[in-house]
Amino acid sequence: MINEFKDWLVGKGFSLFTAKNFPSTVFDYLTGIKYVCQWENKTVEELADSISDIYPKYADMGEHSVRGRMKSRAVRCGLRQFNKFIIETKVA
């Protein structure tokens, strides 16, 4: 599922690499999703199944919003895009 999400992000115009060939937005979002999976003790598939419950926790005023800020905006933005991915593709 993580590869499908990566392909979806690229299809939406998010960058894989910067102009200097460093990992860019796609990798930041994927890393953010992996952090949430660790924090929630879930696989990516389990996260997808419970995204409607988990996403609000990491949003701007959610109970884990501070944790989301630990890794800049990658966690919150990654979750936001993952939520859109789940809704659009109806994977979960």
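Where is N41 found? N41 sits in the loop between α2 and α3, and it makes a friendly starting point for a walk through this predicted model. The phi angle of N41 is near 55 degrees, a positive value in a residue other than glycine. N41 counts as exposed because its relative accessibility is 69%, and the cut-off for that class is over 50%.

Now step back to the overall plan. The protein has 6 helices and 0 strands, so reading from the N terminus the elements run α-α-α-α-α-α. Of the 92 residues in the protein, 36% are buried.

M1 lies in the segment before α1 and counts as partly exposed, at 22% relative accessibility. In sequence M1 and A48 are 47 residues apart, and in space their C-alpha atoms are 9.1 Å apart. Another pair to find on the model is Y55 and R76, which are 21 residues apart along the chain and have C-alpha atoms separated by 8.0 Å. Y55 belongs to helix α4, which covers residues 51–58, and with a relative accessible area of 22% Y55 is partly exposed.

Charged side chains come next. Side chains of opposite charge can pair when their charged atoms come close. How many salt bridges does the structure hold? There are 2 salt bridges in the structure. In one of them, the side chains of E88 and K12 meet, with an N to O distance of 3.0 Å. This pair links distant parts of the chain, 76 residues apart: E88 is in helix α6 (residues 74–89), while K12 is in the loop between α1 and α2. Both ends have some accessible surface: E88 is partly exposed, with a relative accessible area of 47%, and K12 is partly exposed as well, with 44%.

K57 forms a salt bridge with E40, and their closest N and O atoms are 3.4 Å apart. Here too the pair links distant parts of the chain, with K57 in helix α4 and E40 in helix α2, 17 residues apart.

E4, D7, E45, E46 and D49 form a negative surface patch. Helices α1 (2–11) and α3 (44–49) each supply at least two residues of this patch, and α3 gives the most, with 3 residues. D7 has its place in helix α1, and it counts as exposed because its relative accessibility is 53%.

A disulfide is a covalent bond between the sulfur atoms of two cysteines. How many disulfides does a search of the whole structure find? The search finds 0 disulfides. Are C37 and C77 buried or exposed? C37 is buried, with a relative accessible area of 9%, and C77 is buried too, with 16%.

Definitions and conventions: Residues are numbered from 1 along each chain as its sequence is written. This is a predicted model: local features need pLDDT of at least 70, side-chain atom pairs count only at pLDDT 80 or more; totals for chains, interfaces and linings use all residues. Side-chain values use heavy atoms; hydrogens and water are left out. Patches are made of residues with over 30% relative accessible area and no salt bridge: like charges are joined within 9 Å, nonpolar side chains (Val, Leu, Ile, Met, Phe, Trp, Tyr) within 5 Å. Accessible areas come from the Shrake-Rupley method with a 1.4 Å probe; for residues, only the protein chains shown count as cover. A salt bridge is a side-chain nitrogen of Lys or Arg within 4 Å of a carboxyl oxygen of Asp or Glu. Lys and Arg count as positive and Asp and Glu as negative; His and the chain ends are not counted. The place of a charge is taken as NZ of Lys, CZ of Arg, CG of Asp or CD of Glu. Helices (H or I, at least four residues) and strands (E, at least two) are DSSP runs, numbered from the N terminus. Buried means under 20% relative accessible area, exposed over 50%, partly exposed in between (1.4 Å probe, protein chains only). A disulfide is a pair of cysteine sulfur atoms within 2.5 Å.
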